[in-house]
Amino acid sequence: MRHCLRKTAGAAVAALMGCVCALAACAPSEEAGLQAELVASDETHVVIEVTAGDPAYSLYDVLTLFVENGEISMEGSESEYGFYITSVNGTQADTESYWAVYTTLETMDGVRYSNPTYGTWSYEGRELASASYGVSGLPAVTGEVYALVFTSLASA
């Protein structure tokens with residue numbers, strides 16, 4: 001009897017978590033005119049689509065919203081070049097790997113924000129190019145997709 005209760009309780013908790021996760025993924029994070037949807041998130045990649053953007057905000061601002069809402073975890077440090085990501089969802093970059101940034105944002109106002117020459121990453125039929133800027137230098141633009149992908153230096 002005890003074993004059956006544990007299975008039932010476990011199944012109920014799993015179903016509840018599935019519903020909560022499904023709702024969380026659909027609910028956009030918002031900040032004064034900025035909305036984004038967390039499309040996918042695990043230990044090796046995070047995919048975000050900006051549903052209502054404002055180029056005054058950056059991808060870093062969007063990521064911070066998801067961190068504040070408890071939807072992802074992220075660590076890093078500020079440098080003269082902007083925010084440098086060292087860990088996402090518990091996966092730590094090291095001397096053998098790093099968190100690469102990809103985006104569908106190509107150019108805007110004469111500035112090239114990505115370049116497929118330096119690599120691409122495919123997600124659900126969309127081709128994202130290697131970002132030419134870090135997360136604090138990429139503007140949050142409506143309709144654009146951004147991805148953080150854990151990458152081995154050996155495969156880069």
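Is Leu59 buried or exposed? Leu59 is buried, with a relative accessible area of 2%. The legends below describe close-up views of a predicted model.

View 1. Buried here means a relative accessible area under 20%, and the value for Leu59 is 2%. Leaving aside residues up to four places away in sequence, Leu59 touches Ile48, Val101, Val135, Leu138 and Tyr146. Gly134 is 75 residues from Leu59 along the chain, and the C-alpha atoms of these two residues are separated by 8.5 Å.

View 2. Strand E14 runs through residues 145–152. Six of its eight residues are buried, so strand E14 is largely enclosed by the rest of the structure. Strand E3, residues 45–52, pairs with E14 in the antiparallel sense over five bridges. In this pairing His45 stands opposite Val149 of E14. Strand E8, residues 97–103, also pairs with E14 in the antiparallel sense, over seven bridges. Here Thr103 stands opposite Tyr146 of E14. Tyr146 is also among the residues that Leu59 touches. In a regular strand, side chains alternate between the two faces of the sheet.

**View 3. Tyr123 in strand E11.** Strand E11 spans residues 114–123 and contains Tyr123. Tyr123 has a relative accessibility of 16% and therefore counts as buried, the cut-off being under 20%. Its contacts, not counting residues up to four places away in sequence, are Val39, Ala40, His45, Val47 and Leu128. Of these, Ala40 is 83 residues from Tyr123 in sequence, with 9.9 Å between the two C-alpha atoms. His45, another of these contacts, is the residue that stands opposite Val149 in E14. The side chains of Tyr123 and Glu124 are joined by a polar contact of 3.5 Å.

**View 4. The largest pocket and its lining.** The largest pocket has a volume of about 410 Å³. It is lined by 23 residues, and those closest to its centre are Tyr84, Tyr98, Trp99, Ala100 and Val101. Strands E6 (82–88), E8, E11 and E12 (126–131) are the elements that each give two or more residues to the lining. Which element gives the most to this lining? Strand E8 does, with five residues. By class, the lining of the largest pocket has 15 nonpolar residues, eight polar residues and no charged residues. Val101, one of the residues closest to the pocket centre, is also touched by Leu59.

Conventions:
Residues are numbered from 1 along each chain as its sequence is written. This is a predicted model: local features need pLDDT of at least 70, side-chain atom pairs count only at pLDDT 80 or more; totals for chains, interfaces and linings use all residues. Side-chain values use heavy atoms; hydrogens and water are left out. Buried means under 20% relative accessible area, exposed over 50%, partly exposed in between (1.4 Å probe, protein chains only). Contact means heavy atoms within 4.5 Å. Helices (H or I, at least four residues) and strands (E, at least two) are DSSP runs, numbered from the N terminus. Two strands pair if DSSP finds at least two bridges between them. A polar contact is a pair of N or O atoms within 3.5 Å; within protein, one must be able to donate a hydrogen and the other to accept it, and residues adjacent in sequence count only if both atoms are side-chain atoms. On a 1 Å grid over the protein atoms alone, a cavity is a set of points where a 1.4 Å probe fits but cannot get out, and a pocket is an open set with protein on both sides within 12 Å along at least five of seven lines; lining residues have an atom within 4 Å of a point. Grid points are joined across faces, edges and corners, and a volume is the space filled by probe spheres set on the points. Ala, Val, Leu, Ile, Met, Phe, Trp, Tyr, Cys and Pro count as nonpolar, Asp, Glu, Lys and Arg as charged, and the others, Gly among them, as polar.
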